[in-house]
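Here is a short report on one protein model. Look at the structure, then read on.

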Amino acid sequence: MAEPVAASTTSGPARWLVVIIPYLWMVLFFVAPFLIIVKISLSDTAIAMPPYVPVLDGLSAIGDFFRQLDFENYTFLTEDPLYFNAYVSSLRIAAISTLLLLLIGYPMALAMARASVTIRPTLVMLVILPFWTSFLIRVYAWIGILKPEGLLTALLHSLGLMDEGNQVQIFRTEIAVFIGIVYSYLPFMVLPLYSALEKMDGTLLEAASDLGCPPWKAFWKITFPLSIPGVIAGAMICFIPITGEFVIPDLLGGAQTLMIGKTLWTEFFGNRDWPLASAVAVLLLLLLVVPIAIFQNQQQKA
């Protein structure tokens with residue numbers, strides 16, 4: 001009886017270590033940078049390097065610290081419609097892109113999960129194969145495909161589906177942005193869905209078939225409900241980074257595509273207004289994190 005007691009005693013610190021390490025990681029790489037951004041967002045713009053007046057300089061008194069806080073940047077965000085439109089446009093594009101990813105990725109993941117066990121690793125490798133190439137190079141490749149004189153126009157001409165004098169006018173539109181986003185983020189949707197569908201017990205579908213349930217009804221009653229965790233995981237993994245996406249809208253969408261990530265880059269590097277850009281980043285983070293935290297809290301209660 002002594003050995004199990006000793007084992008449980010030594011496992012106590014190990015359990016604490018497993019819990020503490022993720023929290024330390026979050027504090028160092030999320031909480032600390034976030035507090036720095038909040039501090040900059042409450043500062044004033046200045047012609048200097050860095051281009052803002054620090055809120056807390058040295059060990060000043062707490063009262064002086066609060067007197068130096070400047071919420072003018074957050075007030076300005078509510079007054080200028082550009083930022084509100086950028087937030088709304090980013091959420092709209094992210095929501096539509098996530099829906100497209102789900103519609104395309106779900107059949108792919110379902111086919112992978114129902115394929116032979118011997119070829120599943122090959123199918124997974126094919127899904128993650130684009131990651132072997134630089135993300136930026138892949139986006140630039142879409143420029144060569146979608147631009148008016150690009151490969152897509154040449155292909156349609158060669159197939160006789162378009163007159164020689166016409167060109168495909170997709171480049172620098174939201175359609176090009178959706179194409180680039182769906183292509184780039186598709187593996188992030190497929191892999192969580194595949195992980196959920198692969199674990200499903202196939203005998204449930206066999207039992208439903210024996211009881212006379214048609215395949216489409218068995219899908220909606222059994223397969224899809226059991227894959228909901230994968231759907232939620234894939235949607236979260238895709239929706240959050242798409243909302244703050246900068247590279248794809250900038251390279252494929254052009255000036256008329258309004259997204260908050262592009263606005264954020266303009267404030268930081270174009271206007272060099274770090275306090276205002278930090279306020280934009282803080283609101284974007286709160287806009288994404290708060291609903292997710294509420295959703296997870298509700299899921300735990302359920």
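## Terms and source

Buried means under 20% relative accessible area, exposed means over 50%, and partly exposed lies in between (1.4 Å probe, protein chains only). This is a predicted model, where local features need pLDDT of at least 70, side-chain atom pairs count only at pLDDT 80 or more, and totals for chains, interfaces and linings use all residues. Residues are numbered from 1 along each chain as its sequence is written, and side-chain values use heavy atoms, without hydrogens and water.

## Leucine 126

Leucine 126 lies in helix H5 (residues 120-128). Helices are DSSP runs of H or I with at least four residues, numbered from the N terminus. Leucine 126 has a relative accessible area of 48%, so it is partly exposed.

## Helix H4

Helix H4 covers residues 81-113. Its 33 residues should span 48 Å at 1.5 Å a residue, and its end C-alpha atoms are 46 Å apart, which agrees. The expected span is 1.5 Å times one less than the number of residues.

Isoleucine 93 sits in H4. Its relative accessible area is 0%, so isoleucine 93 is buried. Isoleucine 93 and phenylalanine 178 are 85 residues apart in sequence, yet 7.7 Å apart in space, C-alpha to C-alpha.

## Threonine 257

Where is threonine 257 found? Threonine 257 is in the loop between helix H12 (247-253) and helix H13 (260-270). Its relative accessibility is 1%, so threonine 257 counts as buried.

Terms used:
Helix = DSSP H or I, 4+ residues; strand = E, 2+ residues; numbered from the N terminus.
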